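Subject: Structure for you to look at

Hello,

I am handing over the structure we talked about. Please have a look at it first; my notes follow below.

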Amino acid sequence: MESKVPSIKTELPGPEARKILALDQEFVSPSYTRDYPLVARRGLGASVEDVDGNVFLDFAAGIAVVSTGHCHPEVVRAIQSQAETLIHMSGTDFYYPLLAQLAQKLAEITPGKFPKRVVFGNSGAEAIEAAIKMARYHTRRNRLIAFLGCFHGRTLGALSLTASKAVQRRGFGPLLSGVTHLPYPNPYLCSAGHSAQECECDCTDFIERQLFRTAVPADEVAAIIVEPIQGEGGYIVPPAGFLGRLRQIADRHGILLIFDEVQCGMGRTGKMFACEHSGVVPDILVTAKGIASGLPLGVAVARADVMNWGPGAHASTFGGNPVACAAAMETIRLLQEKYVANAAHMGEYILGRLGDWPGRHPAVGQVRGRGLMIGIELVKSRQTCEPNPEARNKVIEEAFQKGLLILGCGESTLRLMPPLIIEQEHADTALEILEHCLSEVEQ
Ligand code: PLP
């Protein structure tokens, strides 16, 4: 692949891309949301080449999945070697070393110094399903508390918790009963109208002061489930005490606390798991996306005493497939060796450079994030903070035309979620392109 990144040689989409787009248009589910017509042929590190030979700088990472970059040579080697040895066995009915070894590794790297067990699936949603079932089974309670704006997946159980965009739920009801959604604390746009300083405790106070007294008996609640940093909902970093207060409420009422770290986990925020920034430990931690650098794998890691279901209660034919496990073992090794630290370092660098954008760019309301999970909120006016989805969408399209891959989240947020391997040069190029695009939409 060409070393100059980005390098755009054809109009976009190019002639080869247009052929694939026509095929896709005819045969692929129309439910997918493509912001722009990138047709990828290969990827390496933070670069993606399309089918016409155009090379893009990737700050989307397959939606926060290729944590070690595209086709990291050591991950590729691990996959190849495992594929030559044992591709499938089904951990539900047989044993193989990697399943147990990866479970041990995950128990080791997740927060909490207590015995843990791991259940394997193939995606974030599947791991969330396992967490829901486990919480109900263990507590023999059926209600769940989740948060507005959070995304937990699209299978019916996970979708019942998801409250990110109405289109994701419309037409699919009735969903699981017994799910109550509460506002997620957003210091920039507090749903109670509070300032950033005051946006501290209302969202959690409400649970005991009102919810448990009126509509939701606490002793029927199996679990509170939350994203430690909200992903699809807008890359929102909650106030410092939020997770700790949820932990206290859960403990007071015998409720399990589940952290969905599908997007914010696996080193993305500059620590292996985002909840480590707060020191709060969940009873069940769910992660997926970045865990295996692109191979399908989702896991729920639980306190051993919480995972007290017996044989036959839950399983998945492919979950924890040997090739995915091999990719995960190598990914975790690389993350621990250097890329979590790099995410912290590069995140600080990018956030530092973005620090004055809200002052310099009238369209930028706020810059927020941790590590390489960075959101840039676009607004119509800095005074009213009114979201500006049109400007956000234009910036994303323009960035694509200039060779930078980014995606949006929330109502009007640009999200930067590059592979955790990026270097300063990548960051400088991305920010230069982004600033150019912003200036264009601001005219
Ligand atoms: N949870 C979170 C926080 C996510 O961001 C996602 C996907 O974006 C999911 C769950 C669902 O994961 P998957 O798409 O692998 O089912």
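Which residues in the largest nonpolar core touch the most other members? In this predicted model, they are Ala131, Ile258, Ile284 and Ala300, in a core of 132 residues. Helix H9, residues 322-354, gives the largest share of this core, with 15 residues. As background, nonpolar side chains tend to be buried together in soluble globular proteins.

Leaving aside residues up to four places away in sequence, Ile258 touches Ala131, Ala135, Ala223, Ile224, Ile225, Pro282, Asp283, Ile284 and Val286.

Now the protein as a whole. The chain forms 12 helices and 15 strands. Its C-alpha atoms fill a box of roughly 60 × 60 × 45 Å along the principal axes. The radius of gyration is 22 Å, which agrees with a compact globule, because a globule of 443 residues would have a value near 22 Å. Of the 443 residues, 50% count as buried. Among contacts between residues at least 6 apart in sequence, 74% join residues at least 24 apart.

One local detail is the hairpin of S1 and S2. Strand S1 (residues 40-44) pairs with strand S2 (residues 47-50) in the antiparallel sense, over four bridges. Gly43 has Val48 in S2 as its bridge partner. Two residues lie between the strands, and Gly45 takes a positive phi near 60 degrees.

Regards

Technical notes. Residues numbered from 1 in each chain as written. Predicted model: local features only at pLDDT ≥ 70, side-chain atom pairs only at ≥ 80, totals over all residues. Core = buried A, V, L, I, M, F, W, Y, C linked by C-beta atoms within 7 Å. Buried ≥ 20, exposed ≤ 12 C-beta atoms within 10 Å, placed from the backbone. Contact = placed C-beta atoms within 7 Å. Rg over C-alpha atoms; globule rule 2.2 N^0.38 Å. Pairing = 2+ DSSP bridges.
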